[in-house]
There are 2 protein chains.
Amino acid sequence: MSEAALLSPIINPMTSVFIQTLIRQIRAIDGFGAWDGKSDADLLEPFILDAEKRKALLMIDNPDPDVLSRVEQFYNAVALSIEGRSGVMVQSMMTMHPEGFGRMVLLGGRLVVVSKTLRDTHRFGFASLEKLQAEGEKLIAQGVEMIGRFPEAARYG
Amino acid sequence: MSEAALLSPIINPMTSVFIQTLIRQIRAIDGFGAWDGKSDADLLEPFILDAEKRKALLMIDNPDPDVLSRVEQFYNAVALSIEGRSGVMVQSMMTMHPEGFGRMVLLGGRLVVVSKTLRDTHRFGFASLEKLQAEGEKLIAQGVEMIGRFPEAARYG
């Protein structure tokens, strides 16, 4: 069974449009070229948190600015992917309370394309690269579906 | 002419639903009753900025937390008034950049009921009580109209 799994066509998440969009988002804020020597996998590494890493993260105080930056990069990559598939310009808006509790919305025209309550932001991350891609794709699909449901609100103004 | 104006029926803005809602918003955050002795006019006073007061405000550094609090109180009063007239629950979301440039949205269901770019937030205020009421009423009317235009998005989810 594990051999069959290995033989089945496995798509590398690294080559997916979403992960590539996310990598561009991360590289875009590197104004001084400090990460030019870093591989794509290096850049994604902080997004991946296994159970042990998660536990090690303290939930006290405000979330680290680097974590908040990753949350924004992730959702901006979702927004750009929704834009690419729908043709609707999508902008992100995040509010964050000191305890790591907040809200993220992706707005297209007058439509709330994606709405997420953020909890435990101190521990923002994904168990694996596959999970990161899957969560991104899920949100993109939800956003595209929402635009399909309310196209006039999404294209208003 | 000025006599005629004085004789015409003048509605006191203080008695308007919007201004009363705003006053309730302001008093709601006074957890320790520090403002119990303050009149409604006292509480509204910081919202009124004439030309001289505006000029005196420095635009450097981040907007004062008290100013941001007033921005939130004003838009929360708008949100509550839209709720009262439309029956749609409306929540505010604000992002603010250090230079006093930001965005305020009022969200009802999946609809962006009101969207405002915030500029010169350091100087948030209104030339008079009448202008404060008029701006509130204008936003309320816009929000109610937007809900009328996209009722399904506003009531979704």
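Trainee: Why is B:Lys116 called partly exposed?
Mentor: Its relative accessible area is 26%. Buried means under 20% relative accessible area, exposed over 50%, and partly exposed in between (1.4 Å probe, protein chains only); B:Lys116 therefore falls in the intermediate class. This is a predicted model, in which local features need pLDDT of at least 70 and side-chain atom pairs count only at pLDDT 80 or more, while totals for chains, interfaces and linings use all residues. Residues are numbered from 1 along each chain as its sequence is written, chains are lettered from A and ligands numbered from 1 in the order in which they are written, and side-chain values use heavy atoms, without hydrogens and water.

Trainee: Is B:Glu135 buried or exposed?
Mentor: At 18% relative accessibility, B:Glu135 counts as buried.

Trainee: What do the side chains of A:Arg85 and A:Glu137 form?
Mentor: They meet in a salt bridge, at 3.0 Å from N to O. A:Arg85 belongs to helix α5 (residues 65-86) of chain A and A:Glu137 to helix α6 (residues 129-149) of chain A, so the pair ties together parts 52 residues apart in sequence. A:Glu137 is partly exposed, because its relative accessibility is 24%. The structure holds 12 salt bridges over all chains.

Trainee: How do you know that A:Arg103 has no salt bridge?
Mentor: The nearest side chain of opposite charge, that of B:Glu83, is 11 Å away. Here Lys and Arg count as positive and Asp and Glu as negative, whereas His and the chain ends are not counted.

Trainee: Which side chain has a polar contact with that of A:Arg103?
Mentor: The side chain of B:Gln91 does, at 3.5 Å. A polar contact is a pair of N or O atoms within 3.5 Å; within protein, one must be able to donate a hydrogen and the other to accept it, and residues adjacent in sequence count only if both atoms are side-chain atoms.

Trainee: What is the bridge partner of A:Arg103 in β3(A)?
Mentor: The partner is A:Thr117, and A:Arg103 itself lies in strand β2 of chain A. Strands β2 (residues 102-108) and β3 (residues 111-118) of chain A pair in the antiparallel sense over 7 bridges. Two strands pair if DSSP finds at least two bridges between them. β2(A) and β3(A) form a hairpin with 2 residues between them, and A:Gly109 in the turn has a positive phi of about 60 degrees.

Trainee: What is the phi of A:Asp120, given that it is not a glycine?
Mentor: A:Asp120 has a positive phi of about 50 degrees. Most residues other than glycine have a negative phi. A:Asp120 is found in the loop between β3 and α6 of chain A, and its 38% relative accessibility makes it partly exposed.

Notes. A salt bridge is a side-chain nitrogen of Lys or Arg within 4 Å of a carboxyl oxygen of Asp or Glu. Helices (H or I, at least four residues) and strands (E, at least two) are DSSP runs, numbered from the N terminus.
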